[in-house]
Amino acid sequence: MIFIGLVLILYIFRMKVFQKLNIPAWKSLIPFYGSYFVFKKVWNSYSFWIYAFCAGLIFIQYFFLHYDLYGAILFIVCLCTLFFEWMALHFYLCKWFKMNIFVYLLLIFLYPAGYCILGFSKQKE
């Protein structure tokens, strides 16, 4: 029950950020669809497709393929790519909102707290 409450609060924060980005708030409720618009607004849409491709490869490999040496290397490369895309997206999100390094680190390590600050700050309204 607590987990559901925390997820709802996170989605409220995301909706506020989407409103500030001039993206309809309902798009934040659909995971990859909303992410596409955030990538497109603050960075570029090509990076989203790299992100989605790597996420898809990890999903397919984790659930449908067995691990050998090459599979493990592919998994690690895709996981590192996702992590660096995640970091770069939040860097550009902070840059778009004109936020400092503290908010960037919050977005990386404490995702809900960073989105709370972005959603309820006075910048870019």
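Two residues are in contact when heavy atoms of theirs lie within 4.5 Å. By that rule, and leaving aside neighbours within four places in sequence, serine 121 is in contact with Lys20 and Met99. The model is predicted.

**Serine 121**
- Serine 121 sits in the segment after α6, a helix of residues 111-120.
- Its relative accessible area is 11%, and buried means under 20%, so serine 121 counts as buried.
- A polar atom of the serine 121 side chain lies 3.4 Å from the backbone oxygen of leucine 118.

**Helix α3**
- Helix α3 covers residues 45-64, which is 20 residues.
- From its first C-alpha to its last, α3 reaches 28 Å, close to the 28 Å expected at 1.5 Å a residue.
- The buried residues in α3 include Phe48, Tyr51, Cys54 and Ile58.
- These buried residues of α3 pack against α2 (31-42) and α4 (69-97).

**Helix α5**
- In helix α5 (residues 101-109), Val103, Tyr104, Leu106, Leu107 and Ile108 are buried.
- Among the elements that cover the buried residues of α5 are α4 and α6.

**Helices α4 and α6**
- Two packed helices are described by the angle between their axes and the distance between the axes.
- For α4 and α6, the axes come within 11 Å and cross at roughly 20 degrees.
- That angle makes α4 roughly parallel to α6, because angles under 35 degrees count as roughly parallel.
- The α4 and α6 crossing is left-handed.
- On the α4 side, Trp86, His90, Leu93 and Phe97 make the contact, and on the α6 side Tyr111, Tyr115 and Leu118 do.

How values were computed:
Residues are numbered from 1 along each chain as its sequence is written. This is a predicted model: local features need pLDDT of at least 70, side-chain atom pairs count only at pLDDT 80 or more; totals for chains, interfaces and linings use all residues. Side-chain values use heavy atoms; hydrogens and water are left out. Helices (H or I, at least four residues) and strands (E, at least two) are DSSP runs, numbered from the N terminus. The expected span of a helix is 1.5 Å times one less than its number of residues. Buried means under 20% relative accessible area, exposed over 50%, partly exposed in between (1.4 Å probe, protein chains only). A polar contact is a pair of N or O atoms within 3.5 Å; within protein, one must be able to donate a hydrogen and the other to accept it, and residues adjacent in sequence count only if both atoms are side-chain atoms. Axes are lines fitted to C-alpha atoms, for helices over the stretch in contact, and angles run from 0 to 180 degrees between N-to-C directions. Angles under 35 degrees count as roughly parallel, over 145 as roughly antiparallel, 65 to 115 as roughly perpendicular and the rest as oblique. A crossing is left-handed if the near helix is turned anticlockwise from the far one by less than a right angle, and right-handed if clockwise.
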